[in-house]
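Thanks for making the time this morning.

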Amino acid sequence: MMMKNQELAKIFSSMAIFLKMDSIAFRPQAYEKAAFALETLNQDVEEIYQKKGIHGLKEIPGVGSTIAERIEEYLRTDKIKYYQELKEKMPVNLEELLAVEGIGPKTVKELYRRLKIKNLGELEKAARGGKIRSLANFGEKTEKNILQSIEFLKRGRGRFLLGEILPEIEEIALKLKELKEVERVSLAGSLRRRQETIGDADILVVSQKPQPVVNFFVTLPGIVKIWGQGQTKASIRLRRGIDIDLRIVPKKSYGAALQYFTGSKEHNIMIRKMAMEKGLKLNEYGLFKGPKTMASESEEDIYRAIGLPLIEPELREGQGEIEAALRKLPGLPKLIEYKNIRGDLHCHSSWDGGRNTILEMAQAAQQRGYQYLGIADHTKFLRIERGLDERQLLRQRKEIEKLNAKFHKFRILQGCEANILNDGSIDIKDEALAELDFVIAGVHSNLKMTKEQMTRRLIRAMRNPHVDIISHPTGRLLQRRDEYQIDLDAVLKVAQETKTVLEINSFPERLDLKDVNIRRAKSLGIKMVINTDSHMKEQMRFIELGVAQARRGWAEKSDIINCWPLAKLLTFLKVI
Ligand code: DGT
Ligand code: CA
Ligand code: CA
């Protein structure tokens, strides 16, 4: 299981941080590099050392002779003296403290030296006691931010962003699927419901021979702990800290098990109650009437036998989906599907410092089967993001026109992601906005206004006739930052009136609008757009996270403007 690789990687990255505290040049990078090398190494470092000694260690890319000696020391004595010394000098819980937004290695050192703060608990106590503000360079505002961030950490402890872990778990599901003993694999739990954060991953497998599947599962690479393993289930922890529960069931109870383990708990309680009222009993093995099995093999059969249509996993939150399923009108929504997306209207290019050129982004969009791509680079107020001014936008337009002339059945639309300034005005002149195919406006500065000010700011921006879309409308960052203070009802009302489109930003930590707000917007007939906000072409895959959030918000294809064909979109945006 290559335990030593992981242990060493962790030690080296801590050492890098200790060294950074002392502003030692170069050395931290060497340890960081070694940590990364060990974390991704696909051979057991212990085995390398046994076979080839210290020379073998030096052959690992990213490992120099000093590091090789430290590895050797660890493998032989189970400790590294230099690391012990560094820890003794600064006996703090790095992982905990560095997770607080705004706290880096230097701050950790300062807090320890001045206030003897060693862990999150002590940090919180000091901040609550007003001790932080009295330190030089800190102040009352920092103290308040630290407390806010601690609150966030406490709330989100142990949960992971969907976008962070979905690819990794899907890969594991795929590996399981390739086993000859495995007939079917499905994600279950919050992962299948595509909740924005995940406590643990649940995987369900259909097999007649569960033992080899369990054996394979508990020896997957990257496992740091096995919580338990039985004949038909196992539970493990992966390197990044996420746990996976695996359950193996026979084909005949697949539907019942999937329904049960998909949850949510609230949804299941209601479903079970409905079953009971019909004189039926529902559990993870099936739906029963006395000794007789009424349904068990497919979810659809189970829902049908209870008198319901199949309810999509993203809706199973006990938020009115069962009531809707029982109604004739309006009934359950016909949810937007992953394949309905025809383009992405919020991508950044190398013009504002993004990784890829407009052409590269366009090619990536075409590879995804899109009909159009909206380039929406930052504008001038955001100097760090190399925001474009009016003249640059004009020059960019020429480049886009040139590219468009070469495409067949594909079009780049030129937009921008302009900044909504404090008073709600836009940082680009109206004449220049009028030249663009569409305009996104977003708040990127001064996020901590009062509710009244922030509401007024957004409303004024929406009243600008050139503004088509508001990006990440509530400004939240999952597990890091709350929404801005805004009167969302007032904002939604003006969006409805001005026909302003609200973005569903697909970035893993944004997912903004979030599900409940999507539902509110939809109920007012407000149109939305699912964008990725990609700063490099690889991020375009985040679109599935945005679609997931839209589905959780009960959105249909018709609610989402980038599900529309190009001609309809252009008419809507008033592009001739
Ligand atoms: P998570 O892991 O916190 O992100 O959320 P879930 O929903 O994945 O919860 P988890 O992993 O504890 O359990 C997976 C599913 O199994 C859950 O959604 C419903 C089902 N389940 C687990 N425990 C119970 C229970 O005590 N009662 C009922 N009805 N269902 C349960
Ligand atoms: Ca779970
Ligand atoms: Ca679980």
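Is Asp-200 buried, partly exposed or exposed? Asp-200 is partly exposed, with a relative accessible area of 26%, where buried means under 20%, exposed over 50% and partly exposed in between, using a 1.4 Å probe and protein chains only. Before going on, please keep in mind that this is a predicted model, in which local features need pLDDT of at least 70 and side-chain atom pairs count only at pLDDT 80 or more, while totals for chains, interfaces and linings use all residues. Residues are numbered from 1 along each chain as its sequence is written, chains are lettered from A and ligands numbered from 1 in the order in which they are written, and side-chain values use heavy atoms, with hydrogens and water left out.

Asp-200 bridges the calcium ion (ligand 2) and the calcium ion (ligand 3), which lie 3.6 Å apart. The calcium ion (ligand 2) is coordinated by Asp-200 through O and OD and by Asp-202 through OD, at 2.2 to 2.5 Å; donors here are N, O and S atoms within 2.8 Å of the metal, or 3.2 Å for Na, K and Ca, and sites may look incomplete because water is not among the atoms. Asp-202, at 10% relative accessibility, counts as buried.

Turning to the cysteines, a disulfide is taken as a pair of cysteine sulfur atoms within 2.5 Å, and the count comes to 0. The sulfur of Cys-347 is 14 Å from the closest cysteine sulfur, in Cys-416, which is too far for a bond. Cys-563 is in no disulfide either, the nearest cysteine sulfur, that of Cys-347, being 15 Å away. Cys-347 is buried at 0% relative accessible area, and Cys-563 counts as buried at 3%.
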